[in-house]
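Here is a quick tour of a two-chain model, starting where the chains meet and ending inside one of them. Have the viewer open as you read.

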Amino acid sequence: MGQRRVVSEDEAFELLVFLVTSARGCVDEPKLYGTFRLVDAASKLIGFVLENHPEQSEGFLRDLKQEIDGRKLSLMTDLKEYVEFLSDTTQKVAQELRRRG
Amino acid sequence: MDIFEAIRKRRSIRKFVDRPIEREQLAKILDAARWAPTAGNQQRWRFIVVTSPALKEMVRKVSPGIFSRPAAFVVICSLREVEVRRWDESLLLADCAIAAQNMLLAAYALGLGSCIALSFSKIALKEILDIPENVEPELIITLGYADEQPQPPPRLPLEEIVFADRYRERWEPWASAG
């Protein structure tokens with residue numbers, strides 16, 4: 001808890017490009033794509049952090065990334081499951097927030 | 001390969017193995033695009049094949065809808081007049097989409113995976129790939145050797161999407177004539 005988590009400048013820039021291009025894309029794309037971009041950005045951020053901090057590999061972040069990557073594509077096939085996935089993920093983040101105090 | 005087999009078994013591939021595609025295969029795929037139907041035989045499409053590692057990374061980064069690192073990207077562009085009328089817009093998009101489908105089926109027949117992406121930044125792509133003002137990137141095709149075998153997604157039955165003579169009149173796929 002409270003340790004400094006860093007991403008490299010290249011990784012930060014890649015995420016920045018993703019966020020900015022996604023923001024423009026959201027103007028034209030279906031509304032739900034915006035939600036997808038946000039959780040996908042979260043997954044990318046976790047991926048970069050884990051790359052620099054492999055000791056986190058068994059922790060909350062690793063599990064969260066697996067959850068996101070494993071369920072995010074349900075947007076294309078099962079809307080109900082996709083919304084459940086977003087709800088579950090939100091709950092897990094909230095539980096972790098509470099645990100961390 | 002039987003055309004119906006290709007149509008039924010092709011899947012959108014979003015995971016690729018790190019293996020390049022032979023130039024000959026790319027040429028076959030692009031030739032399939034060249035022979036797609038095009039309104040008035042205008043052929044106002046242009047294709048940018050991106051295989052250099054540095055440019056591929058840039059294309060990937062400005063394409064939020066692309067989750068993979070394919071062996072190649074093909075950017076399908078339309079060649080536009082200064083003012084595009086709505087009718088023209090539809091024709092250009094239809095031509096690019098039909099060419100895309102030819103490419104996907106050709107890729108499948110060659111043992112390659114592919115996917116169509118529309119979620120990319122046109123502004124950024126034009127900047128990165130030196131695309132002129134009157135040329136519009138419409139679709140990106142990802143190509144490579146598949147690293148997954150997705151299950152077929154659910155599809156609506158024919159009875160639900162096809163009508164007989166008039167909208168909402170039930171059409172029976174296998175009804176005998178007379």
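## Where the chains meet

Two residues are in contact if their C-beta atoms, placed from the backbone, lie within 7 Å. Keep in mind that this is a predicted model.

## A closer look at α1(A)

So what does this helix look like? α1(A) has 20 residues and reaches 30 Å from its first C-alpha to its last, close to the 28 Å expected at 1.5 Å a residue. Which of its residues are buried? In α1(A), these are Phe18(A), Thr21(A), Ser22(A) and Gly25(A). An α-helix has 3.6 residues a turn, so residues three or four places apart point the same way.

What do those buried residues of α1(A) pack against? Their partners come from both chains: α2 of chain A, plus α3 (53–61) and α5 (122–128) of chain B.

## A helix pair in chain A

Further along chain A, helix α3 (residues 60–71) packs with helix α4 (residues 79–100) at an angle of about 170 degrees, and their axes are 11 Å apart. Angles over 145 degrees count as roughly antiparallel, and α3(A) and α4(A) are therefore roughly antiparallel to each other.

From α3(A), the contact uses Phe60(A), Leu64(A), Glu67(A), Ile68(A) and Arg71(A). From α4(A) come Phe85(A), Thr89(A), Lys92(A) and Glu96(A). By class, that makes four nonpolar, one polar and four charged residues in the contact.

## Chain B overall

Now for the partner. Chain B has six helices and four strands, and from the N terminus on they run α-α-β-α-β-α-β-α-β-α. Its C-alpha trace spans about 60 × 45 × 30 Å along the principal axes.

Of the 178 residues of chain B, 29% count as buried. Looking at contacts in chain B with a separation of 6 or more, 80% are between residues 24 or more positions apart.

## The strands around β2(B)

Seven of the eight residues of strand β2 (residues 72–79) of chain B are buried, so this strand is largely enclosed by the rest of the structure. β2(B) pairs with strand β1 (residues 45–50) of chain B in the antiparallel sense, over six bridges. In that pairing, Val49(B) stands opposite Val74(B) in β2(B).

β2(B) is also joined to strand β4 (residues 135–144) of chain B, by eight bridges, and these two run antiparallel as well. Here Phe73(B) has Thr142(B) in β4(B) as its bridge partner.

## Zooming in on Trp45(B)

Is Trp45(B) buried or exposed? It has 22 other C-beta atoms within 10 Å, and the cut-off for buried is 20 or more, so Trp45(B) is buried.

Which residues is Trp45(B) in contact with, leaving aside its neighbours within four places in sequence? They are Ile76(B), Cys77(B), Ser78(B), Leu79(B), Asp95(B), Cys96(B) and Ala99(B). As for Ile131(B), 86 residues apart from Trp45(B) along the chain, the two C-alpha atoms are separated by 13 Å.

Methods
Residues numbered from 1 in each chain as written. Chains lettered and ligands numbered in written order. Predicted model: local features only at pLDDT ≥ 70, side-chain atom pairs only at ≥ 80, totals over all residues. Expected span 1.5 Å × (residues − 1). Buried ≥ 20, exposed ≤ 12 C-beta atoms within 10 Å, placed from the backbone. Pairing = 2+ DSSP bridges. Axes fitted to C-alpha atoms, helices over the stretch in contact; angles between N-to-C directions. Parallel < 35°, antiparallel > 145°, perpendicular 65-115°, else oblique. Nonpolar A, V, L, I, M, F, W, Y, C, P; charged D, E, K, R; others polar.
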